[in-house]
Amino acid sequence: MDYTLNTYLAITLAPTSPYFAAPANLVSAQVVQSAPFQLAYVGNVGALQDTHLYSLPKSQYEQVKDQVYAVLGTLKPNHIRSIDVQVPRQRAKRAGGEL
């Protein structure tokens, strides 16, 4: 993952949505295909079955951020439960003998 080039969205899918079984198909949804941005499927968020990571170019996201939420918002609540922008965080290193 490259946070300098991409913005990542963690999207939680509704269990009754057909995208729950095939989350990559969300990028092919008609409403997403006709949107002014290019959403790409990245994969699962850890072991969570309902939450998946999608990306779009950071430069594009900055220009169409409101449209991203408007377009994906049309899929709530039947297909999408929540949308969260992922922010990179640096892990803290432990000092020598701490456990």
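Strands β2 and β3 form a hairpin with 6 residues between them, and within the turn Gly-46 has a positive phi of about 55 degrees. Helices (H or I, at least four residues) and strands (E, at least two) are DSSP runs, numbered from the N terminus. This is a predicted model, in which local features need pLDDT of at least 70 and side-chain atom pairs count only at pLDDT 80 or more, while totals for chains, interfaces and linings use all residues. Residues are numbered from 1 along each chain as its sequence is written, and side-chain values use heavy atoms, with hydrogens and water left out.

**Overall chain**

- The secondary structure of the protein chain comes to 3 helices and 4 strands, which follow the pattern β-α-α-β-β-α-β when read along the sequence.
- Taken along the principal axes, the C-alpha atoms of the protein chain fill a box of roughly 55 × 30 × 15 Å.
- Among contacts (heavy atoms within 4.5 Å) between residues at least 6 apart in sequence, 66% join residues at least 24 apart.
- Of the 99 residues in the protein chain, 34% are buried, where buried means under 20% relative accessible area, exposed over 50%, and partly exposed in between, with a 1.4 Å probe and protein chains only.

**The sheet**

- The 4 strands form an open sheet in the order β2-β3-β1-β4, with antiparallel pairing; two strands pair if DSSP finds at least two bridges between them.
- Strands β2 and β4 (80-86) stand at the edges, each with a single partner strand, so one side of each is left without a neighbour in the sheet.
- Strands of a sheet pair through backbone hydrogen bonds, either parallel or antiparallel.

**Strand β3 and its partners**

- Because 6 of the 7 residues of strand β3 (residues 51-57) are buried, this strand is largely enclosed by the rest of the structure.
- Strand β1 (residues 6-13) runs antiparallel to β3 and is joined to it by 7 bridges; Leu-53 in β3 is the bridge partner of Ala-10, and Tyr-54 in β3 stands opposite Leu-9.
- Strand β2 (residues 40-44) pairs with β3 in the antiparallel sense over 4 bridges, and His-52 in β3 is the bridge partner of Asn-44.
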